[in-house]
Amino acid sequence: MLPGVTAEDFRAADSEAVRRPRRWLSAAGWVIAALAGFAVYLRLGRTMPVNSDGASQALQAWDLLHGNLLLHGWSLTDVSFYTTELPEYALAEMARGLGADVVHVAAAVSYTLVVLLAAAVARGRATGRQAAFRMLMAAGIMLAPQLGGGTNTLLLSPDHTGSSAPLLAAFLILDRCPRRWWPAAAASLVLAWAVIGDELVLVAGVVPVAAVCAFRLIRERSRFEAWLGAGAVAAGAVGMAVPRVIGALGGYGTRPLNTGLSPLGTIVGHNLPVVGQGFLLLGGAWLPHVPAGAQDWFTALHLAGVALAAAGIAVTAWRFFRGESLVPQVLLAGIVVNVAAYLAGTHAVVLADAREMAPVLPFAAALAGRRLPGALSARPAGRRVAVPVLGLVLAGYAAGLGLELTVPPAPPQNAALTAWLARHPMGGSGLSGYWQSNIVTLTSGGRARVRSLIGGDDGRLVPDHSNVDGRWYDPAASYADFVVLGPRVPGYTPGPGYPGFHDAGIVRATFGKPARVYHVGLYTILRWHKNLLADLK
């Protein structure tokens, strides 16, 4: 033995030599999972047609890339996604240019990040097989979004799913870092960043963190909880103030968030069933009819994942007052506050509105992965039964996902209209309803520009006030000479659930008689020899 070198030194060196390859293998595993997940979710997302919602964010990101960093002139909805999805859209457009596929690329990036972060949070500080079991359970629950409604909610336009990524990142900081002031500050900064882009983070992250810290502070009087609770409150205040500062500086504006409450009868009779259906939809298990085909049987199999998620919630709730750790308590509080706000509010109108509680899925999956594997593997008999059964369920999820991937990609909405306008350019931009406007502009790569209108109080058309740039309607800076009308065909819409713009009467009342009329399939295009923007209020 060398002088001054002990046996402990040799053992430490051997241990480090063993750990180093494991770290590289672990890093390679995460990279492979990220690439595979992105490829799968990109293909799955393409089964849904891009519409004007995703197109609006893509056009905003395009403006960001061209120097309009504060989105001067833009009027958005009650959610800007300014710090969440818009940077993803901008990066996708840097690589691919302006086109409909950037919506699918950004959605695939968002969902892949959410799945991986949920698995990392589920792992906690576990190692070895226990860590793998935890991560597989969490990722497995989220593995195969339900084709149709589930894919539309989780893998299309920004619908709050991507806002779960910074929340999970903040929780991961709290879980893996020491209980000191700087992890609390770092997590609070991430929360503030997320609130700027999506105020749903207030009910899914800020309020739960602050409430859990207050509860733990009363019981333990810990400085860490005091730092974190104060940081969460500050994050909410800063996140709400920054968009107002941006607006005061001439940047984008948003509509006020609808925080109204539903009557008690509506909450019990209507909202509660919608919440239950939405939970099934997010978990991939919504069955509106009796199973008939192969895809329906795979959907029914997702009831196992929903049951695991519900069990994870229940176990965490039972342990909440019995020394539960911080992150599971925050995840549970996030689920409770998010669902309660959705249930009592006015957003639970139809099943598609389940997007308002999208963070519930990764939070519940992380809780299931974090709490159930230990209970299932505590006894040898449990391991012998649980591991094969859950393995079969996961294999069924993978098979169902493979079946979903055989569905052909869907073209963007109004693709035929876009193609005709690109081949027959008019003298300027066009005007139409929301669902025929931004999607045409995006899909054509900006070659055919259509701006959206709405009906005013006086029976004439006025510029839209959501997801538009006010400069589009300035007759001194822009020119528009045609209007696109959809058909008056009962039951026809340009896509599932999206109404067409077909009121020729209000168009003529606003602009007068057109000089030319074109018929393009189911569409009618009216053209004038003047700048129609001058006739808009």
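Mentor: Start with the term: a cavity is a set of grid points where a 1.4 Å probe fits but cannot get out. Keep in mind that this is a predicted model.

Trainee: How many cavities of 30 Å³ or more does the structure hold?

Mentor: Two cavities reach that size. The largest cavity has a volume of about 90 Å³. It is lined by 15 residues, and those closest to its centre are E85, A107, L156, S157 and P158.

Trainee: Which element gives the largest share of that lining?

Mentor: Helix α4 does, with four residues of the lining of the largest cavity. Helices α3 (85-96), α4 and α6 each supply at least two. By class, the lining has eight nonpolar, five polar and two charged residues.

Trainee: And the second largest cavity, what lines it?

Mentor: The lining is I141, F279, L282, G283, G305, V306, A309, V360 and L361. The space inside is about 70 Å³. Helix α13 (303-319) is among the elements that supply at least two residues, along with α11 (264-282) and α15, and α13 gives the most, with three.

Trainee: What about the second largest pocket, how many residues line it?

Mentor: There are 28, and S26, G29, W30, A132 and M135 lie nearest the centre. The volume of the second largest pocket is about 800 Å³. Helix α1 (7-45) supplies the largest share of the lining, twelve residues. By class, the lining of this pocket has 17 nonpolar, seven polar and four charged residues.

Trainee: Switching to single residues. Is T112 buried or exposed?

Mentor: T112 counts as buried because its relative accessibility is 7%, and the cut-off for buried is under 20%. T112 sits in helix α4. Leaving aside neighbours within four places in sequence, T112 is in contact with A34, G37, F38 and Y41.

Trainee: Where is P362 placed?

Mentor: In helix α15, which covers residues 360-376. P362 has a relative accessible area of 2%, so P362 is buried. Not counting residues up to four places away in sequence, P362 touches V114, A118, M142, S164 and L168.

Trainee: Last topic, the whole chain. Why does its radius of gyration agree with a compact globule?

Mentor: Because a compact globule of 537 residues would have a radius of gyration near 24 Å, and the chain has 26 Å. The C-alpha trace spans about 95 × 60 × 55 Å along its principal axes.

Trainee: How many helices and strands are there?

Mentor: The chain has 19 helices and eight strands. Of its 537 residues, 51% count as buried. The accessible surface comes to about 23500 Å², with 67% of it belonging to carbon and sulfur atoms.

Methods: Residues numbered from 1 in each chain as written. Predicted model: local features only at pLDDT ≥ 70, side-chain atom pairs only at ≥ 80, totals over all residues. Heavy atoms only, no water. 1 Å grid on protein atoms, 1.4 Å probe; cavity = no way out; pocket = protein on both sides within 12 Å on 5 of 7 lines; lining within 4 Å. Points joined across faces, edges and corners; volume = space filled by probe spheres on them. Nonpolar A, V, L, I, M, F, W, Y, C, P; charged D, E, K, R; others polar. Rg over C-alpha atoms; globule rule 2.2 N^0.38 Å. Buried < 20%, exposed > 50% of the residue type's maximum accessible area, 1.4 Å probe, protein only. Areas by Shrake-Rupley, 256 points an atom, 1.4 Å probe, with all protein chains shown as cover. Contact = heavy atoms within 4.5 Å.
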